[in-house]
Amino acid sequence: MSNVLTIRGLKVAAPNGNLLVDGIDLDLAPGEVLGLIGESGAGKSTIGLAAMGYGRGGCRIVGGTIDIGGTSLMEGNRATREKMRGARIAYVAQSAAAAFNPAIRIGEQIVEGALYHGKMNRQEAEAWKLELLKTLQLPNPETFGERYPHQVSGGQLQRAMVAMAMSCRPDIIVLDEPTTALDVTTQIEVLALLRSLIQRYNTSALYITHDLAVVAQIANRIMVMRHGKMVEEGTAEQVLEAPREDYTRMLVAERQGNLSGAVENPEIGDVLLEVSGVHAYYGKTPVLDDISCNLRRGETLAVVGESGSGKSTLARAIAGLLPTSAGMVSFDGRRLERSYKRRAKEELRRIQLVYQLPDVALNPRQTVGEIIGRPMKFYFGMHDVPKEKEVARLLDLIGLPQDFASRLPGALSGGQKQRVCIARALAAKPDLIICDEVTSALDPLVAEDILKLLKSLQQELGLSYLFITHDLGVVRRLADRTLVMQRGKIVEQGATADIFQPPFHPYTEELVTSVPELRRDWLDTVLAKRQQATA
Amino acid sequence: MTGKLKAIPISAWLGLTIVALNLLVFVFGPMLAPYGMNEIVGAPFDPPSANFWFGLDQNGRDMFSRLLAGAQMSIGVSLAASLISFSIGIPLGFVAALFGGWVDTVLSRVVDTVMCIPVLISALVVLQALGSSVPVLIFTIALLDSTRVFRLARVVAQGISVLEYAETARLRGESMGWLITREILPNALPPLIAEFGMRFCFTFLFVAGLSFLGLGIQPPFADWGGMVKDNQQAILYGLYAPLFPAAAIALLTIGVNLVVDWLLNSGNAVQGADR
């Protein structure tokens, strides 16, 4: 049987002439799922869009052929390509919220494609929509389409986008990180539904993701990409179990590393931070409900939970950015003011914050040297040569060359920016660093390096970390103790080893079992187990 | 450097040339003028000739000389008014954004109240009451314009102050002065510079408009808006005397706008690269 999608020697160039994708060959058989794996900037999304004859943000396809079921996209004119898009090949983006028009009902947006391409009449399209909504297990499929995008949850909207993409019964569906923006517990549902949908309608798919474990559950074949070039390609089993290239081996090892490695940290001192009975509200909505915990010197306390669980809010309450309405935060035996504005300079110095998005955490108009040097001058009155020396020492400590001091953040990569953020926190010589999802925006291998850096800094400087994250793999390797939160409340807390060992708290168990594992049969096993549990 | 120069589009070169030309005239205009500003050299509305390139005005004065001399007044008033309006609007806008609360409420409501009244009417009232002199003219326009600068500065500063780097500075315990000058201002500059060009053009047209109504720059000083007004009856006789000052106004406006467009685009490009 012939391929539904054949790409030969694809080259895509950025507006400045750099090649984002350099000579990629790709085949997709009917009903086959090809996983495209790689770090950000590897060119995987660019390939996904190029498969539809599309280049985003001024990028142009400068070479190669793209053939969908016998029709050449590159030779055809604009009208040919438009006829293909949506009808023969459809696209599912990472952010469903950005893909739906907020002012039009979901159902109308689902049938739009089929009607536009004249594939079905209104009645057929509505019937097909209902079938899709049922297949995707959306609540009340008969009336679901009457809702507006803001009236449904993120996971539901993501499924609705899949329905929208399927509206013309395309041969190929391009899935661009479709579950990355979702919580793990939601991700598993969407992943399972996606897989059954693809199988049921024998749709071919390009599945783009940075998460090997996710792609392991759904792809027949995997292509690993780096810097716009193919690293290796093979069946899912071969790539996961016997990777041929070093880069792939690193990716696989990193993902497996998440599942092992307990923490041993003997040098834990007296209580540094104590939170007792803290409540906080956004308007009238409670976001923190009776939170009590403590953190000792040299210890790492991880706060885990899904989005909306209040874990970042807790960090902001401790930092004094969100005034609490009841309860108390004490630091080193002294009670802290509720708002940072009323805290002493010395108190501010001893608690430092590192954020999730290093891009907006660094002033783009200050050099790295100015950014790191400022806390030294502000807190310790350091000037000129001693300050420069200290900046150089810190750059060395975080593993960046000393000439980076004169660079602007715009010239740094994501991981380098995050290192600078850490250096800025260290410059204040803090006792406690609050790390708010510090690795979430980074590629796996880069995140790995940042975690190692944090770990070694702790051993060297005796720092305490309050580690906010949704990534349980990170927690297991880094945290001495863990606090699990759900809807503003503490579900449980204790030593990390105990939390992640049976007997589990039911919510913790759901979280733990929802984290994709590299095993090919992981999804089936988990689903089967859950079915048993509910039966 | 040559690479950077090459990156400047033709439209921006055109704008830069026009602006540079106007600046030259602004500085050296009176010295370059072949005749005196108020020197009567012939009959009213004499057409252009080899001696008088742009012809003569309604009093028989040399139009070209008056254009060169008037540049100082017209451009000077607009530039001064724009500079003052930005010096008032930016600090107040930043303070309103960073303090928030009642400071923001009071400042914003005062600005809203001023903005409710059409600018031309406010200006007419003030100028009528205080009498039109150059300083009064400059300050009236500057105050009225500063409300718009305030609004822009406030919203830009609000956007920046919620970013993590500004939050980090606040959490460090930095003073308001540091926040404004080091964290907010450098990052707010691209939109503010663009706005400066726009406001300068509007001010220029506004001064011209006021002069046209007789409340702008008073005779015998030459200014471009006033020259359009004084020569308007020439249109009735099919003469194009007022078109010369009108063209000068139009040319400068277009030139500044071309430069602003370019700054706006390159400003965005810089921001884009940083994020």
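**Exercise 1.** How many of the nine residues of helix α12 (residues 311-319) of chain A are buried?

*Solution.* Start with the source. The model is predicted, and local features need pLDDT of at least 70, side-chain atom pairs count only at pLDDT 80 or more, while totals for chains, interfaces and linings use all residues. Residues are numbered from 1 along each chain as its sequence is written, and chains are lettered from A and ligands numbered from 1 in the order in which they are written.

Step 1. Helices (H or I, at least four residues) and strands (E, at least two) are DSSP runs, numbered from the N terminus. A residue is buried if 20 or more other C-beta atoms lie within 10 Å of its own, exposed if 12 or fewer, and partly exposed in between, with C-beta atoms placed from the backbone.

Step 2. Go through the helix. A:K311, A:S312, A:T313, A:L314, A:A315, A:R316, A:A317, A:I318 and A:A319 are buried.

Step 3. Conclude. Nine of the nine residues are buried, so α12(A) is largely enclosed by the rest of the structure. Just after α12(A) comes A:G320, with a positive phi of about 90 degrees.

**Exercise 2.** Describe the backbone at A:Q137, A:H227 and A:P503.

*Solution.* Step 1. Recall the background. Most residues other than glycine have a negative phi, and most peptide bonds are trans.

Step 1. Take A:Q137. This residue is not a glycine, yet its phi is positive, about 55 degrees. A:Q137 sits in the loop between α5 (122-135) and α6 (141-144) of chain A. It counts as partly exposed because it has 13 C-beta neighbours inside 10 Å.

Step 2. Take A:H227. Its phi is positive, near 50 degrees, and the residue is other than glycine. A:H227 belongs to the loop between β9 (221-226) and β10 (229-235) of chain A. With 14 C-beta neighbours inside 10 Å, A:H227 counts as partly exposed.

Step 3. Take A:P503. A cis peptide bond, with omega about 0 degrees, links A:P502 to A:P503. A:P503 is in the loop between α20 (496-499) and α21 (506-514) of chain A.

**Exercise 3.** At what angle do the axes of helix α8 (residues 184-200) of chain A and α21(A) cross, and which residues meet?

*Solution.* Step 1. Two packed helices are described by the angle between their axes and the distance between the axes. Axes are lines fitted to C-alpha atoms, for helices over the stretch in contact, and angles run from 0 to 180 degrees between N-to-C directions.

Step 1. The axes of α8(A) and α21(A) cross at roughly 55 degrees and come within 8 Å. That makes α8(A) oblique to α21(A); angles under 35 degrees count as roughly parallel, over 145 as roughly antiparallel, 65 to 115 as roughly perpendicular and the rest as oblique.

Step 2. The crossing of α8(A) and α21(A) is left-handed, meaning that the near helix is turned anticlockwise from the far one by less than a right angle; clockwise would be right-handed.

Step 3. From α8(A), A:V184, A:T185, A:Q187 and A:I188 meet A:E510, A:L511 and A:S514 of α21(A). Contact requires C-beta atoms, placed from the backbone, to lie within 7 Å.

Step 4. The contact residues of α8(A) with α21(A) are three nonpolar, three polar and one charged. Ala, Val, Leu, Ile, Met, Phe, Trp, Tyr, Cys and Pro count as nonpolar, Asp, Glu, Lys and Arg as charged, and the others, Gly among them, as polar.

**Exercise 4.** Describe the packing of helix α4 (residues 101-116) and helix α6 (residues 134-161) of chain B.

*Solution.* Step 1. The two helices pack at about 135 degrees, their axes 9 Å apart. That makes α4(B) oblique to α6(B).

Step 1. The crossing of α4(B) and α6(B) is left-handed.

Step 2. B:V111, B:V114 and B:M115 of α4(B) make the contact with B:T147, B:F150 and B:R151 of α6(B). By class, the contact residues of α4(B) with α6(B) are four nonpolar, one polar and one charged.

**Exercise 5.** In what sense do strand β1 (residues 5-13) and strand β2 (residues 19-28) of chain A pair?

*Solution.* Step 1. Two strands pair if DSSP finds at least two bridges between them. β1(A) and β2(A) have seven bridges and pair in the antiparallel sense.

Step 1. One bridge joins A:K11 to A:D22 in β2(A).

Step 2. β1(A) and β2(A) form a hairpin with five residues between them, and A:G17 in the turn has a positive phi of about 95 degrees.

Notes: Contact = placed C-beta atoms within 7 Å.
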